[in-house]
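The following exercises are to be worked through with the sequence and the three-dimensional structure at hand. Each task is followed by a solution in steps.

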Amino acid sequence: MPNVNQPSYEVPVPTVKIASFNLLNYLEPPMAYYDFQNIYTTEQWHKKQAWITRFLDKNQPDIIGFQEVFSSESLQSLLEKAGYPYYAVIDSPTVIDDFIYRSPVVAIASKFPITEIATVTADQQAATLLGLHDFHFSRKPLRATINIPHVGLTDCYVTHLKSKRSLFDDPLPNTIVPSDTALSRFVGQRLGSWGSAMLRGTEANLLLLAILKQRESSTRPMLLMGDFNDEISSSCLEQLIAGNVFGMSDSDIERLIGYYRLYDSWNLFTQHTEQPNLPRPPTHYFGAKTSVLDYILLSQEFNAQFLGSLFEVSDYHTENKHLINSSFDEDGYSTDHAIPCVTLSLRS
(Lines give C-alpha, C1' and ligand atoms only; values in the text may rest on other atoms or scores of the structure.)
Protein backbone atom coordinates (compact mmCIF):
# COMPACT_ATOMS: atom_id res chain seq x y z
CA MET A 1 0.00 0.00 0.00
CA PRO A 2 1.16 3.58 -0.63
CA ASN A 3 2.70 5.19 2.40
CA VAL A 4 1.37 8.66 3.28
CA ASN A 5 1.20 10.30 6.69
CA GLN A 6 -0.61 13.58 7.16
CA PRO A 7 -0.24 15.60 10.36
CA SER A 8 -1.52 19.15 10.39
CA TYR A 9 0.29 22.08 8.77
CA GLU A 10 -0.68 25.75 8.96
CA VAL A 11 2.44 27.97 8.80
CA PRO A 12 2.61 30.21 5.70
CA VAL A 13 6.06 30.74 4.20
CA PRO A 14 7.52 33.30 1.75
CA THR A 15 9.93 30.80 0.17
CA VAL A 16 9.82 27.14 -0.82
CA LYS A 17 12.94 25.06 -1.42
CA ILE A 18 12.97 21.97 -3.64
CA ALA A 19 15.76 19.36 -3.85
CA SER A 20 16.42 16.25 -5.90
CA PHE A 21 18.57 13.73 -4.03
CA ASN A 22 20.13 10.54 -5.39
CA LEU A 23 20.99 8.66 -2.19
CA LEU A 24 23.32 6.07 -3.78
CA ASN A 25 22.40 2.60 -2.54
CA TYR A 26 20.41 3.58 0.54
CA LEU A 27 20.17 0.14 2.15
CA GLU A 28 20.32 -0.60 5.85
CA PRO A 29 22.65 -3.44 6.90
CA PRO A 30 22.77 -6.41 7.05
CA MET A 31 21.06 -6.34 3.66
CA ALA A 32 23.21 -6.22 0.50
CA TYR A 33 22.74 -4.18 -2.67
CA TYR A 34 23.22 -6.03 -5.99
CA ASP A 35 25.89 -8.41 -4.67
CA PHE A 36 26.30 -10.33 -1.40
CA GLN A 37 29.53 -8.43 -0.65
CA ASN A 38 27.89 -4.98 -0.80
CA ILE A 39 26.85 -4.55 2.81
CA TYR A 40 27.48 -1.44 4.88
CA THR A 41 29.10 -1.97 8.25
CA THR A 42 27.28 -0.44 11.19
CA GLU A 43 29.84 2.38 11.27
CA GLN A 44 29.52 3.05 7.53
CA TRP A 45 25.74 3.12 7.75
CA HIS A 46 25.81 5.56 10.66
CA LYS A 47 28.16 7.80 8.67
CA LYS A 48 25.80 7.73 5.70
CA GLN A 49 22.83 8.56 7.91
CA ALA A 50 24.77 11.38 9.57
CA TRP A 51 25.78 12.83 6.22
CA ILE A 52 22.17 12.92 5.01
CA THR A 53 21.08 14.56 8.25
CA ARG A 54 23.80 17.23 7.92
CA PHE A 55 22.67 17.95 4.37
CA LEU A 56 19.08 18.42 5.53
CA ASP A 57 20.10 20.64 8.44
CA LYS A 58 22.32 22.79 6.23
CA ASN A 59 20.05 23.20 3.21
CA GLN A 60 16.58 22.88 4.75
CA PRO A 61 14.67 21.85 1.60
CA ASP A 62 10.89 21.78 2.00
CA ILE A 63 10.24 19.11 -0.64
CA ILE A 64 12.75 16.41 -1.60
CA GLY A 65 12.56 13.83 -4.37
CA PHE A 66 14.72 10.79 -3.60
CA GLN A 67 16.22 8.16 -5.88
CA GLU A 68 17.99 4.86 -5.07
CA VAL A 69 15.87 4.06 -2.04
CA PHE A 70 16.09 0.49 -0.78
CA SER A 71 15.28 0.93 2.93
CA SER A 72 12.16 3.08 2.84
CA GLU A 73 11.18 2.68 6.49
CA SER A 74 14.66 3.69 7.63
CA LEU A 75 14.57 6.76 5.39
CA GLN A 76 11.15 7.76 6.66
CA SER A 77 12.35 7.47 10.27
CA LEU A 78 15.40 9.64 9.54
CA LEU A 79 13.23 12.24 7.81
CA GLU A 80 10.69 12.40 10.64
CA LYS A 81 13.50 13.17 13.07
CA ALA A 82 14.79 15.85 10.67
CA GLY A 83 11.42 17.63 10.53
CA TYR A 84 9.68 16.03 7.55
CA PRO A 85 6.30 14.71 8.72
CA TYR A 86 5.07 13.83 5.21
CA TYR A 87 6.57 10.98 3.24
CA ALA A 88 5.42 8.82 0.35
CA VAL A 89 6.64 5.81 -1.60
CA ILE A 90 4.70 3.75 -4.15
CA ASP A 91 6.97 0.81 -4.91
CA SER A 92 9.39 -1.61 -3.27
CA PRO A 93 12.75 -2.96 -4.39
CA THR A 94 13.35 -6.48 -5.65
CA VAL A 95 14.72 -8.92 -3.07
CA ILE A 96 16.84 -11.90 -4.12
CA ASP A 97 17.89 -14.72 -1.78
CA ASP A 98 16.23 -12.95 1.16
CA PHE A 99 18.97 -10.34 1.64
CA ILE A 100 20.27 -9.15 -1.76
CA TYR A 101 18.34 -6.14 -3.04
CA ARG A 102 18.00 -4.83 -6.58
CA SER A 103 15.85 -2.24 -8.35
CA PRO A 104 15.74 0.64 -5.84
CA VAL A 105 12.72 2.95 -5.88
CA VAL A 106 11.93 6.64 -5.68
CA ALA A 107 10.34 8.45 -2.73
CA ILE A 108 9.31 11.96 -1.71
CA ALA A 109 9.38 13.88 1.57
CA SER A 110 7.73 17.18 2.39
CA LYS A 111 7.21 19.70 5.17
CA PHE A 112 3.84 20.47 3.56
CA PRO A 113 0.84 18.12 3.48
CA ILE A 114 0.79 15.36 0.89
CA THR A 115 -2.88 14.96 -0.05
CA GLU A 116 -2.64 12.27 -2.72
CA ILE A 117 -0.08 9.91 -4.23
CA ALA A 118 -0.12 7.76 -7.35
CA THR A 119 2.08 5.60 -9.52
CA VAL A 120 2.66 7.14 -12.94
CA THR A 121 1.87 4.60 -15.64
CA ALA A 122 2.66 4.65 -19.34
CA ASP A 123 -0.11 5.27 -21.85
CA GLN A 124 -0.13 1.94 -23.68
CA GLN A 125 -1.86 3.31 -26.76
CA ALA A 126 0.87 5.95 -27.12
CA ALA A 127 3.54 3.31 -26.53
CA THR A 128 2.03 1.16 -29.27
CA LEU A 129 2.24 4.11 -31.67
CA LEU A 130 5.97 4.14 -30.90
CA GLY A 131 6.19 0.47 -31.82
CA LEU A 132 6.32 -0.72 -28.20
CA HIS A 133 3.85 -3.12 -26.62
CA ASP A 134 3.16 -3.61 -22.92
CA PHE A 135 5.66 -0.88 -22.05
CA HIS A 136 6.66 -0.25 -18.42
CA PHE A 137 9.02 2.24 -16.82
CA SER A 138 12.29 0.71 -15.64
CA ARG A 139 11.59 2.43 -12.30
CA LYS A 140 8.06 3.51 -11.43
CA PRO A 141 7.72 7.32 -11.32
CA LEU A 142 5.82 8.78 -8.38
CA ARG A 143 3.27 11.59 -8.30
CA ALA A 144 2.52 13.30 -4.99
CA THR A 145 0.00 16.13 -4.77
CA ILE A 146 1.35 18.56 -2.18
CA ASN A 147 -0.40 21.56 -0.65
CA ILE A 148 2.29 24.20 -1.13
CA PRO A 149 1.63 27.51 0.64
CA HIS A 150 0.20 30.27 -1.58
CA VAL A 151 0.14 28.23 -4.78
CA GLY A 152 -1.99 25.41 -3.34
CA LEU A 153 -2.25 21.82 -4.51
CA THR A 154 0.69 21.00 -6.77
CA ASP A 155 1.46 17.78 -8.60
CA CYS A 156 5.05 16.84 -7.77
CA TYR A 157 6.76 14.06 -9.72
CA VAL A 158 9.88 12.05 -8.88
CA THR A 159 11.63 9.97 -11.51
CA HIS A 160 14.81 7.99 -12.06
CA LEU A 161 15.17 7.40 -15.79
CA LYS A 162 17.03 4.48 -17.36
CA SER A 163 20.78 4.69 -16.93
CA LYS A 164 23.35 4.71 -19.74
CA ARG A 165 24.45 1.22 -18.81
CA SER A 166 24.06 -1.20 -21.69
CA LEU A 167 20.55 -2.53 -22.09
CA PHE A 168 21.94 -6.06 -22.17
CA ASP A 169 25.06 -7.67 -20.73
CA ASP A 170 25.00 -10.98 -22.58
CA PRO A 171 27.14 -11.44 -25.71
CA LEU A 172 25.42 -10.98 -29.05
CA PRO A 173 24.10 -14.20 -30.63
CA ASN A 174 26.37 -15.86 -33.16
CA THR A 175 23.69 -15.24 -35.78
CA ILE A 176 24.43 -11.48 -35.55
CA VAL A 177 28.23 -11.54 -35.37
CA PRO A 178 30.69 -14.22 -34.24
CA SER A 179 30.80 -14.26 -30.43
CA ASP A 180 33.94 -13.90 -28.31
CA THR A 181 35.51 -11.46 -30.75
CA ALA A 182 36.52 -7.82 -30.58
CA LEU A 183 33.84 -7.08 -33.20
CA SER A 184 31.19 -8.73 -31.06
CA ARG A 185 32.13 -6.62 -28.02
CA PHE A 186 32.27 -3.44 -30.10
CA VAL A 187 28.91 -3.97 -31.81
CA GLY A 188 27.33 -5.24 -28.59
CA GLN A 189 28.30 -2.10 -26.72
CA ARG A 190 26.96 0.10 -29.50
CA LEU A 191 23.61 -1.69 -29.61
CA GLY A 192 23.37 -1.91 -25.82
CA SER A 193 24.09 1.79 -25.41
CA TRP A 194 21.56 2.75 -28.07
CA GLY A 195 18.98 0.45 -26.49
CA SER A 196 19.40 2.27 -23.19
CA ALA A 197 19.10 5.62 -24.92
CA MET A 198 15.90 4.56 -26.67
CA LEU A 199 14.43 3.33 -23.40
CA ARG A 200 15.45 6.48 -21.53
CA GLY A 201 13.97 8.72 -24.24
CA THR A 202 10.76 6.70 -24.36
CA GLU A 203 10.43 6.88 -20.58
CA ALA A 204 10.95 10.64 -20.64
CA ASN A 205 8.34 11.25 -23.32
CA LEU A 206 5.71 8.90 -21.93
CA LEU A 207 6.28 10.43 -18.49
CA LEU A 208 5.78 13.87 -20.02
CA LEU A 209 2.56 12.68 -21.64
CA ALA A 210 1.27 11.44 -18.28
CA ILE A 211 2.22 14.73 -16.62
CA LEU A 212 0.45 16.80 -19.26
CA LYS A 213 -2.69 14.65 -19.17
CA GLN A 214 -2.76 15.15 -15.40
CA ARG A 215 -2.26 18.90 -15.90
CA GLU A 216 -5.21 18.98 -18.29
CA SER A 217 -7.51 17.20 -15.84
CA SER A 218 -6.34 18.71 -12.54
CA THR A 219 -5.28 22.23 -13.69
CA ARG A 220 -2.74 22.12 -10.86
CA PRO A 221 0.83 23.51 -10.97
CA MET A 222 3.45 20.84 -11.57
CA LEU A 223 7.10 20.11 -10.94
CA LEU A 224 9.32 17.22 -11.97
CA MET A 225 12.53 16.27 -10.18
CA GLY A 226 14.91 13.39 -10.42
CA ASP A 227 17.97 11.69 -11.80
CA PHE A 228 17.50 11.86 -15.58
CA ASN A 229 20.74 9.96 -16.29
CA ASP A 230 21.47 12.23 -19.25
CA GLU A 231 21.86 15.88 -20.17
CA ILE A 232 18.51 17.53 -20.75
CA SER A 233 19.87 18.92 -24.02
CA SER A 234 20.37 15.37 -25.32
CA SER A 235 18.19 14.04 -28.12
CA CYS A 236 16.65 11.64 -25.58
CA LEU A 237 15.46 14.32 -23.16
CA GLU A 238 15.15 17.61 -25.00
CA GLN A 239 11.41 17.11 -25.50
CA LEU A 240 10.86 17.51 -21.74
CA ILE A 241 11.37 21.27 -21.99
CA ALA A 242 10.56 21.81 -25.68
CA GLY A 243 8.08 24.57 -26.47
CA ASN A 244 7.89 24.46 -30.25
CA VAL A 245 4.89 23.24 -32.25
CA PHE A 246 5.44 22.86 -35.98
CA GLY A 247 3.05 25.04 -37.96
CA MET A 248 1.94 27.14 -34.97
CA SER A 249 2.82 30.82 -34.67
CA ASP A 250 4.96 32.10 -31.79
CA SER A 251 2.03 34.06 -30.39
CA ASP A 252 -0.22 30.99 -30.45
CA ILE A 253 2.49 28.88 -28.85
CA GLU A 254 2.89 31.40 -26.04
CA ARG A 255 -0.89 31.66 -25.57
CA LEU A 256 -1.82 28.00 -25.89
CA ILE A 257 1.24 25.91 -25.07
CA GLY A 258 2.95 27.81 -22.22
CA TYR A 259 0.36 26.41 -19.83
CA TYR A 260 1.59 22.87 -20.52
CA ARG A 261 5.33 23.47 -20.66
CA LEU A 262 7.97 22.49 -18.15
CA TYR A 263 10.88 24.88 -17.61
CA ASP A 264 14.37 24.02 -16.43
CA SER A 265 14.78 25.72 -13.03
CA TRP A 266 18.42 26.56 -13.84
CA ASN A 267 17.32 28.56 -16.88
CA LEU A 268 14.66 30.33 -14.81
CA PHE A 269 17.31 31.18 -12.22
CA THR A 270 19.78 32.63 -14.74
CA GLN A 271 16.95 34.65 -16.30
CA HIS A 272 15.97 35.96 -12.88
CA THR A 273 19.54 36.98 -12.05
CA GLU A 274 20.20 38.20 -15.61
CA GLN A 275 23.28 35.97 -15.84
CA PRO A 276 22.55 33.86 -18.95
CA ASN A 277 26.17 32.75 -19.31
CA LEU A 278 26.60 31.59 -15.72
CA PRO A 279 28.30 28.15 -15.84
CA ARG A 280 26.04 25.39 -14.60
CA PRO A 281 27.54 23.21 -11.84
CA PRO A 282 27.67 19.51 -12.78
CA THR A 283 25.87 16.95 -10.67
CA HIS A 284 27.97 13.94 -11.63
CA TYR A 285 31.67 13.25 -12.10
CA PHE A 286 33.16 10.29 -13.95
CA GLY A 287 36.93 10.62 -14.05
CA ALA A 288 37.67 13.89 -15.83
CA LYS A 289 34.21 14.03 -17.38
CA THR A 290 31.41 16.01 -15.76
CA SER A 291 27.72 16.14 -16.58
CA VAL A 292 24.40 17.41 -15.29
CA LEU A 293 22.13 14.43 -14.66
CA ASP A 294 19.84 15.75 -11.90
CA TYR A 295 17.10 18.26 -12.66
CA ILE A 296 14.15 20.14 -11.24
CA LEU A 297 11.60 21.24 -13.85
CA LEU A 298 8.76 23.66 -13.10
CA SER A 299 5.49 24.77 -14.67
CA GLN A 300 4.70 28.37 -15.54
CA GLU A 301 3.35 29.13 -12.05
CA PHE A 302 7.03 29.34 -11.01
CA ASN A 303 8.24 31.22 -14.10
CA ALA A 304 8.65 34.95 -13.46
CA GLN A 305 8.16 35.68 -17.18
CA PHE A 306 4.58 34.46 -16.82
CA LEU A 307 2.55 37.38 -15.49
CA GLY A 308 0.28 35.13 -13.47
CA SER A 309 3.07 33.36 -11.59
CA LEU A 310 3.16 33.58 -7.81
CA PHE A 311 6.73 32.34 -7.34
CA GLU A 312 10.06 32.92 -9.06
CA VAL A 313 13.33 30.99 -8.90
CA SER A 314 15.43 33.22 -6.64
CA ASP A 315 18.30 30.82 -5.94
CA TYR A 316 19.84 27.65 -7.35
CA HIS A 317 22.38 25.81 -5.25
CA THR A 318 24.23 22.60 -6.11
CA GLU A 319 25.48 20.78 -3.01
CA ASN A 320 28.77 19.32 -4.24
CA LYS A 321 31.44 19.70 -1.55
CA HIS A 322 31.45 15.94 -1.00
CA LEU A 323 32.52 15.52 -4.63
CA ILE A 324 34.96 18.38 -5.26
CA ASN A 325 36.45 19.01 -1.81
CA SER A 326 35.67 15.89 0.13
CA SER A 327 36.78 14.64 3.51
CA PHE A 328 36.60 10.87 3.79
CA ASP A 329 35.65 11.01 7.47
CA GLU A 330 32.62 13.15 6.63
CA ASP A 331 31.83 12.31 3.00
CA GLY A 332 33.07 8.77 2.51
CA TYR A 333 29.57 7.26 2.48
CA SER A 334 27.55 10.13 1.07
CA THR A 335 26.52 9.91 -2.60
CA ASP A 336 28.11 10.05 -6.04
CA HIS A 337 25.73 12.79 -7.19
CA ALA A 338 25.64 16.47 -6.38
CA ILE A 339 22.26 17.64 -5.12
CA PRO A 340 20.43 20.50 -6.87
CA CYS A 341 18.40 22.74 -4.54
CA VAL A 342 16.05 25.39 -5.93
CA THR A 343 14.60 28.24 -3.88
CA LEU A 344 11.22 29.64 -4.96
CA SER A 345 10.31 33.06 -3.60
CA LEU A 346 6.97 34.82 -3.63
CA ARG A 347 6.94 37.55 -6.23
CA SER A 348 6.68 41.03 -4.81
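Contact means that heavy atoms lie within 4.5 Å. The model examined here is predicted.

**Exercise 1.** Determine which residues of helix 6 are buried and what covers them.

*Solution.* Step 1: Helix 6 comprises residues 265-272, and its buried residues are S265, W266, L268, F269 and T270. Step 2: The elements covering these buried residues include strand 12 (263-264), strand 15 (294-298), strand 16 (311-319) and strand 17 (339-346). Step 3: At the start of helix 6, the backbone nitrogen of W266 has a side-chain oxygen of D264 within 3.1 Å. Step 4: Just after helix 6, a positive phi of about 55° is found at E274.

**Exercise 2.** Locate the buried and the exposed residues of helix 1.

*Solution.* Step 1: The buried residues of helix 1 are W45, K48, Q49, W51, I52, F55, L56 and N59. Step 2: Because these residues cover an arc of only 155° around the axis, they lie on the same side of helix 1. Step 3: T42, E43 and K58 are exposed on the other side of helix 1. Step 4: Just after helix 1, Q60 adopts a positive phi of about 50°.

Note on methods. Residues numbered from 1 in each chain as written. Predicted model: local features only at pLDDT ≥ 70, side-chain atom pairs only at ≥ 80, totals over all residues. Heavy atoms only, no water. Buried < 20%, exposed > 50% of the residue type's maximum accessible area, 1.4 Å probe, protein only. Helix = DSSP H or I, 4+ residues; strand = E, 2+ residues; numbered from the N terminus. Polar contact = N/O pair within 3.5 Å; in protein donor to acceptor, adjacent residues only side chain to side chain. Arc of directions from axis to C-beta.
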